[in-house]
Amino acid sequence: MAKLSQHIDRVVQAATDPGAAARSRLTASWRRSLVHHGLDPGHRQDVQRVTEPALAERRARSEAMLRVAATKIDALYQLLGSSGCGVLLTDAEGIVLDLRAADGDVGVFEAWGLWPGSDWSEASEGTNGIGTCIAETRRVIIHRDDHFHARNTAMSCMDAPIFGPDGELIGALDVSSARADQTESFNRLIAAMVVQTARQIETDTFRASFPKARILVTEAPESDAAALLAIDRDDLVIGATRGARRAFGLAQTGRLTPVPTADLLGRDEGPTGFEKAERAAVKRALARASGNVSEAARALGVGRATLYRRMKRLGIDENR
């Protein structure tokens, strides 16, 4: 009890000091929890849960993410489950949608409120892995006494956000443990795996949203961000992950206005307009016909003589 009281005093003192909040992300989260959300760090009631119908509705809204994530969180659990960790997936509001935990740990996780339907938003639980990850849209480690509520200080939580195809936050991936011997260095190792798995979920969700597009993987300013572009048959960029949007200065969220790939990547296109499109179409037809002009002409729906005239006008060498 004395330790819990000390934690409460420490949180309140730091959260009511505007200077401390400005110097530390953790203290800033404590301040949000205390001042903005009006929470009490000594609050002892159980974690709030949504009703079963409400949970079913949320799972239906997140169906695409859940379908992609299932095998990913299974694999992550296989790596970490034997160490007493649970793997949780939430929606963008911090409601737990799915859980992987060992049979022997299920009772512990349910007692801690780490259970489908539980509300781990920062507005409900104050500073915690899931809620703070969502509030700040970044990877976080909330180790034991970093939590706002004193009753949560036995837990360690490692989290990473998941962004959807339109750049909006769609969920968070969490690994939580209540083991007393779990060290901060071990937490950092787990956090790296959580980030990697979250990016895999984000990448595969993006690919599934553009099944007919060509997917181009690019470099992102953040090393842990998924940076992909979806390019249609007309060589227009029609989709981009959050990392790619930042890398190329695109709108951070929402549906993209199509933009030529060459314009975005800064490449010299050479001929422009209809001439470029016609030249590309002829060269593709010749390539598919292995250079056979008659076969290429049939594929294009023109006569052989007509194709020869077009090739000459477009500067395409038959021999080459």
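Analyst: R144 lies in the loop between β3 (140–143) and β4; helices (H or I, at least four residues) and strands (E, at least two) are DSSP runs, numbered from the N terminus. This is a predicted model, in which local features need pLDDT of at least 70 and side-chain atom pairs count only at pLDDT 80 or more, while totals for chains, interfaces and linings use all residues. Residues are numbered from 1 along each chain as its sequence is written, and side-chain values use heavy atoms, with hydrogens and water left out.

The phi of R144 is near 45°, a positive value in a residue other than glycine. Most residues other than glycine have a negative phi. R144 counts as buried because its relative accessibility is 18%; buried means under 20% relative accessible area, exposed over 50%, and partly exposed in between (1.4 Å probe, protein chains only). S290 also has a positive phi, about 55°, although it is not a glycine. S290 sits in the loop between α12 (273–288) and α13 (293–300) and counts as exposed, at 71% relative accessibility. A further positive phi, near 65°, belongs to G38, which follows α3.

For V175, leaving out residues up to four places away in sequence, the residues touched include L76, L80, V87, M158, I190 and V194, where contact means heavy atoms within 4.5 Å. In soluble globular proteins, nonpolar side chains tend to be buried together.

T197, in helix α9, is buried at a relative accessible area of 7%. With residues up to four places away in sequence not counted, T197 touches K72, L76 and L173. The one aromatic pair in the count is F206 with F210, a tilted pair at 5.0 Å centre to centre and 50° between the planes. Rings of Phe, Tyr and Trp (its six-membered ring) pair if their centres lie within 6.5 Å; planes under 30 degrees apart count as stacked, over 60 as edge-to-face and the rest as tilted. F206 and F210 are both buried.

Helix α3 (residues 25–36) has T27, S29, W30, S33 and L34 as its buried residues. These lie on the same side of α3 because they cover an arc of only 155° around the axis, the arc being that of the directions from the helix axis to the C-beta atoms. R25, V35 and H36, on the other side of α3, are exposed. The buried residues of α3 pack against α1 (2–15), α2 (18–23), α7 (122–125) and α8 (129–136). At the N-terminal end, α3 is capped by S24, with a side-chain oxygen 3.2 Å from the backbone nitrogen of L26.

D119 is buried, with a relative accessible area of 16%. Its side chain makes a polar contact with the side chain of S121 (2.9 Å); a polar contact is a pair of N or O atoms within 3.5 Å, where within protein one must be able to donate a hydrogen and the other to accept it, and residues adjacent in sequence count only if both atoms are side-chain atoms. D119 and V50 are 69 residues apart in sequence but 7.2 Å apart in space, C-alpha to C-alpha.

β7 (residues 228–231) and β8 (residues 236–240) are joined by three bridges, and L229 stands opposite A240 in β8. T261, in helix α11 (residues 261–265), is buried at 5% relative accessible area. Not counting residues up to four places away in sequence, T261 touches I231, D235, L236 and V237.

Technical notes
Two strands pair if DSSP finds at least two bridges between them.
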